[in-house]
Protein chains: 2
Amino acid sequence: MQFTTTKDALVNAVNTVSKAVSGKTTLPILEGILFQVQDDEIFLMGTDMEIGIKTKLTGDIKREGKVVLSARLLSELVRKLPEDEVSFILNENNMTKITCLNSEFNIQGESGEDFPKLPEINGEKNTVIPKDLFRSMIKETVFAVAKNDNIPILTGELLEIEEGRIKLVALDGYRLALRQGKTEEGISLKEVIPERTLVELYRLLSLKNEDLKLSATVNQVLFTLGDTSMVSSLLQGDYINYKQIIPSNHTTRVKIRKDELQSSCERASLMARDGKNNLIKMNFSGNNLEIKSNSELGNLHENITMDMEGDPLKIAFNCNYFIDALKVISEDEIVLEFTTSVSPCILKPVEGDHFVYLILPVRYIEH
Amino acid sequence: MQFTTTKDALVNAVNTVSKAVSGKTTLPILEGILFQVQDDEIFLMGTDMEIGIKTKLTGDIKREGKVVLSARLLSELVRKLPEDEVSFILNENNMTKITCLNSEFNIQGESGEDFPKLPEINGEKNTVIPKDLFRSMIKETVFAVAKNDNIPILTGELLEIEEGRIKLVALDGYRLALRQGKTEEGISLKEVIPERTLVELYRLLSLKNEDLKLSATVNQVLFTLGDTSMVSSLLQGDYINYKQIIPSNHTTRVKIRKDELQSSCERASLMARDGKNNLIKMNFSGNNLEIKSNSELGNLHENITMDMEGDPLKIAFNCNYFIDALKVISEDEIVLEFTTSVSPCILKPVEGDHFVYLILPVRYIEH
């Protein structure tokens, strides 16, 4: 293996595939990045066996070959190289010489033959997903993925494509986050994607400008962004029927400024977190929302002006669930819908249906 | 106690004094900030009994009084308040009501009477120190303060003022950092200031624009920056006679570009840190410096062009000591001076004497 590339291209490629390299692995070769020069192309690859990322490196090829080099050493090293041409030469016993201006490194690599092959995916279901939309969808739902694996299927998000609509759903037993938008017609798909895959895909989407293509088999999915591709296993099993959980009726409907509600909840959380369950109480009455929280540290009252239709209501929540949802909503005004003080609360846009957040209340006890 | 101030003034004052509040204290009242309204002035104060910071808060005073409020709660709370007027009212049992627009907090405080008094310092030795110079002096020496307290006096820095020169010296048995400049004539002073005091003073100096005044007694020092003052105990005992350590002669003198030497050392450190002692070898010969390091991961060669007078030399160092010094030097070119491969190396400016770094070598073994 012998090739020349630039520092910048190398930094980008190493950063891209490093995301799939796990720090804690029992297979030492997985701590490395595979460099493979074949058929006039240079490829870098990293995997932790759950996800794998592969990217193309542009450069000037002299000789084919492959080697595995430590991801940790390489990512630090390439950042510290001078801005210039970098050349790689694979010598005997996987010793790899990297030179750049007056610097020469000899790194002990491992045999490229021992690196696991990424599965070749030619999915039956292929589609192009609007890139920026999907990036927002991940950001605005992923916080609601279950943090423990008591119910393994809830450690992922449901991706649903149907009749030109794309939906991403996360829920953890206390709350639900749903984000949807328009996509290509003519494909129907229902897959549960692990949280980590979505988090790494979000990072890739932030780096790359190409179209996002999806190709899915029964148990694997391949995302492609130009010269970079990411393959991931899918979670097996049926996702919870989330449509059943979202109430279709309400008896109280509130229109409120999102920023004010968020700031009040954040201040209330300072008191609430020292008490039990991060509890805050909300009292919707007339055109005023009163928020209260108290703990040993003291207590807090907030008043927010709002528009209300329907019955007045007293209800209590874990304020963190409100804050998590409000933080990712970009609308100035939102709508809250309630039925009773023990039924879920719905957060949605004033117009449209591009997001739905559902939050379960906790028992309201008068202070 | 009753007064009104603005959110911004409050955020600044709370941030300023919070620096002196320690997270881990056995005296709960020291986790708080003292608010004191007296003689038409509002003062905030924080202390961990080693250092104390006091600052004035501008505001509209209605009633005198004092209370201690949790520093942690307060610093988070004030940041989250709306940009508006904030009013404080001290009620019965040290309950303090803070209101801002439609938010009302009631915080359980502690009695201001129980807060320790900061010592009143009217030092015999008073001087004004050039603010920006002193800030640089701290930054460019503090890394060399001893990390363990085997020799307690080395956990601080020597501040020496004499004949219009101000010097700050740190050393830890493996290296020495000295930074000096011009200051007021007519005062002579030799004090050892604890590292933490210098670190917090550095932060204050970065925030404030006023002149820096120093007032010292035998065992305490008071730094004043406009409306903010910081008092600290001094380390007792004689500092090591650092002048004796700095060699006055050399047999090899090298002029080299600082950035190139720093980058090479940083790359070398990637290899060196997996070996013993972060060892790098330097070979000064002709007009070339060759840097080598090796470990199980591989090896590295760097070549840097330089100007040399005197004898060629092979010498080895812990590269971190070189990197620490090179990182804070702002000159483009520096001078290195050596005598033998087992004697200290001196780093100094090409012209002037505003800094001296001394680094002890480690034994050079041919590979």
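Which residue stands opposite Val67(B) in β10(B)? The model examined here is predicted, so that local features are reported only where pLDDT is at least 70 and side-chain atom pairs count only at pLDDT 80 or more, whereas totals for chains, interfaces and linings use all residues. Residues are numbered from 1 along each chain as its sequence is written, while chains are lettered from A and ligands numbered from 1 in the order in which they are written.

In chain B, Val67(B) stands opposite Ser111(B) in β10(B), and the strands concerned, β6(B) and β10 (residues 110–111) of chain B, pair in the antiparallel sense over 2 bridges. Strands are DSSP runs of E of at least two residues and helices are DSSP runs of H or I of at least four residues, both numbered from the N terminus; two strands are said to pair if DSSP finds at least two bridges between them. Strand β6 (residues 65–70) of chain B is also joined by 6 bridges to β2 (residues 32–38) of chain B, and these two strands run antiparallel. Within this pairing, Ile33(B) has Leu69(B) in β6(B) as its bridge partner.

A residue is termed buried if 20 or more other C-beta atoms lie within 10 Å of its own, exposed if 12 or fewer do, and partly exposed in between, with C-beta atoms placed from the backbone. Apart from its neighbours within four places in sequence, Phe317(B) is in contact with Ile280(B), Met282(B), Phe322(B), Ile359(B), Pro361(B) and Val362(B), two residues being in contact if their C-beta atoms, placed from the backbone, lie within 7 Å.

Chain A contains 7 helices and 27 strands, and its C-alpha trace spans about 80 × 50 × 35 Å along the principal axes. Of the 367 residues in chain A, 41% are buried; among contacts in this chain between residues at least 6 apart in sequence, 68% join residues at least 24 apart. The chain is divided into domain 1 (2–114), domain 2 (125–243) and domain 3 (247–359), with bounds that come from an automatic or database domain assignment. The C-alpha centres of domain 1 and domain 3 of chain A lie 50 Å apart.

Strand β12 (residues 156–162) of chain A is mostly covered, since 5 of its 7 residues are buried. This strand is joined by 6 bridges to β15 (residues 189–194) of chain A, with the two running antiparallel, and the bridge partner of Leu158(A) in β15(A) is Val192(A). β12(A) also pairs in the antiparallel sense with β13 (residues 165–171) of chain A over 5 bridges, and here Glu162(A) stands opposite Arg165(A). The hairpin of β12(A) and β13(A) has 2 residues between the strands, and in it Glu163(A) takes a positive phi near 50°.

In chain B, Glu163(B) likewise has a positive phi of about 50° although it is not a glycine, and it is found in the loop between β12 (156–162) and β13 (165–171) of that chain. Glu163(B) counts as exposed because it has 9 C-beta neighbours inside 10 Å. Asp39(A), also not a glycine, has a positive phi of about 50° and is found in the loop between β2 (32–38) and β3 (41–47) of chain A; with 8 other C-beta atoms within 10 Å, Asp39(A) is therefore exposed.

Where the chains meet, 25 residues of chain A are in contact with 25 residues of chain B. On the side of chain A that touches chain B, two or more residues each come from α2 (71–80), β9 (103–108), α6 (258–272) and β22 (298–305) of chain A, and the largest share, 7 residues, comes from β22(A). β22(A) pairs in the antiparallel sense with β9 (residues 103–108) of chain B over 5 bridges, and Glu302(A) stands opposite Ser103(B) in β9(B).
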